[in-house]
Amino acid sequence: MKEIVVISGKGGTGKTSITASFAVLGGANLLVADCDVDAADMHLLLEPDFAGDEDFYSGEVAEIDQETCIQCGKCAEVCRFDAIPVVDGKYTVDPLSCEGCGYCARICPVKAITNSVQRVGNLYTSSIRTGTKMIHAKLGIGNENSGKLVAKVKNDAKALAEKEQKNYILVDGSPGVGCPVVSSLSGATFVVLVTEPTVSGVHDLIRVYELVKKFKINAGCIINKADINPERNREIKDFIRKESITLLAEIPYNENFTKAMTMGKTIVEFDSILKKIIVDSWEKIKQKA
Amino acid sequence: MKIAIASGKGGTGKTTLSTNLAAFLAEKEHVVLTDLDVEEPNSGLFIKGTLKHSESKYKMIPEWDSAYCNLCGICQEVCNFNAVLKMGKNIMVFPELCHGCYACSELCPKNSLPMKEKPMGELKHFEAAGLSFIESKLLIGEEQAVPLIKQTIDYVDENFPEEIIKIYDSPPGTSCPVIEATKHADIVILITEPTPFGFHDLTLAVETIRELKKEFVVVVNRYGIGDDSVEKYCKAEGITIIGKIPNDRKVAEVYAKGDLLYPALPSVKKVIEKIALFIQGERGDSGR
């Protein structure tokens, strides 16, 4: 089983539109996992039925029982996260700042603090319109542990793909270079980097590839909006040649990306010229993965 | 006045708005621009200034000192993140799992886990005409952005205590990094694009900012493409749209080069002027 992860470093490069197109091309043969749990958008194109719905619990948050509390302030003294401000003359936990380390609960002299597990989001196992299943999630507002939720989405996807004997897992990865994208990348057999020839596109590609290298995963690159700046486009091509990254496709600037999305369609279902380019890169990915 | 520029979806124009607004306002007064997207900071690519100061930023991680350790295992017991493990006659620390809460270190009866500095990123402070620019970059392999965001905000607070306009380019998403970057702001500007993805992620961002009980307004980027779902939503929810940056391939081309938009494109300059006026008005309202 091959696990293909699509990431971009920089947002707005067309990562999700391209991943959803691959999902259409791969059909029933692949399982889809949306690991961009912070701002998951794949469901807008693939029409999941949200059938299997499971609460996801992770991390803890402290709570002070005001009846028992003697207002000694020791909890606030040890808290490194400024999560116990005084509100209306009472020590109170700010759940958005609390990291759930439990230090305050441990040192409270009157045991007024309890730490409880938090529901951080929902996890779905859905059937989608391409004849397969998708694992996706919705992170609760302001919740932490998106890295853990990403790991959970991936593990569930892997288990289901094995059970249903799928050949591929296709992962829409998270942005950035931190915890969620680290979770997205672990276990991948091939990484697709989607970028654009802009100063920030180049900068973010180089940074995120540094991370990919640590995982020693083979990578391919899709340059979207390839014609908006020839100089930067060359810069990207020089970089990927130097790093032995496969050039999968150069997609010209095309507003049909947005038009397709507005119709709830993937690009391969909307524009025949773009379709040819994307089919071609999907074939390359299947060979390389 | 602290203005955080945020968005749920990435690539909708946070950096574009932050840099153009900061540079435009800096033509008349001193402005501080801070890039808090420490995982992928981009504002610096558009601001040309001279480096005034740079420093490494550290997080505090316990380090085992075996000399007096009696292997009681309290450290392992108190760690909620499985970052400290007792294995045989050794105590092992896993820095990438550590949140720096100090519990193991301070609750150790033998003081055998002193906290040590571990580099997590680099802060840089640039000065340009009228504009101070601060950015931090997370080291590759470091997973937690929040501590670095916090320290970067502290640096700005310490170095610029005066009441001037401070603009914060925030990370994307709706989870901890964006909360950290926006919770200290007086007002949040959410930038989005009028597409199904942009609209969906805007609703998530709005929920987040409402949870923080922050005043917020919306700027629509790539206006003219996609559909009217964002405008309809904002109208229904009573959310003010303070500017619409037109969709134009030229915008993408100027951005690609690393140039600011408003000096090159009059249509964008008009929008930036409008947003600047809104900010002046807000400042007047808050009595400063």
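Colleague: Is helix 6 of chain B mostly covered or uncovered?

Modeller: Helix 6 of chain B is mostly covered, with twelve of its 16 residues buried (under 20% relative accessible area, where exposed is over 50% and partly exposed lies in between, with a 1.4 Å probe and protein chains only). Helices here are DSSP runs of H or I with at least four residues, strands are E runs of at least two, and both are numbered from the N terminus. This is a predicted model, in which local features need pLDDT of at least 70, side-chain atom pairs need pLDDT 80 or more, and totals for chains, interfaces and linings use all residues. Residues are numbered from 1 along each chain as written, chains are lettered from A in the order written, and side-chain values use heavy atoms, without hydrogens and water.

Colleague: Which residues are buried there?

Modeller: Among them are B:Phe197, B:His200, B:Asp201, B:Leu204 and B:Ile209.

Colleague: What comes after helix 6 of chain B?

Modeller: Helix 6 of chain B is followed by B:Lys213, with a positive phi near 55°.

Colleague: Changing topic, why is strand 1 of chain B described as largely enclosed?

Modeller: Because five of the five residues of strand 1 (residues 2-6) of chain B are buried, the rest of the structure largely encloses it. B:Lys2, B:Ala4 and B:Ala6 point one way, while B:Ile3 and B:Ile5 point the other way. In a regular strand, side chains alternate between the two faces of the sheet.

Colleague: Which strands pair with strand 1 of chain B?

Modeller: Strand 8 (residues 165-169) of chain B pairs with strand 1 in the parallel sense over four bridges, and pairing requires at least two DSSP bridges. B:Lys2 has B:Lys166 as its bridge partner in strand 8 of chain B. Strand 9 (residues 187-192) of chain B also runs parallel to strand 1, joined by four bridges, and there B:Val188 stands opposite B:Ala4.

Colleague: And how much area do chain B and chain A bury between them?

Modeller: About 5100 Å², 57% of it on carbon and sulfur atoms; buried area is the accessible area (1.4 Å probe) that two parts lose on being put together, summed over both. In chain B, B:Glu40, B:Ile140 and B:Phe197 lose the most area to chain A, together 16% of what that side buries.

Colleague: How many salt bridges cross the interface of chain B and chain A?

Modeller: The rule finds three, a salt bridge being a side-chain nitrogen of Lys or Arg within 4 Å of a carboxyl oxygen of Asp or Glu. One of them joins B:Arg249 and A:Asp227, with the closest N and O atoms 3.5 Å apart.
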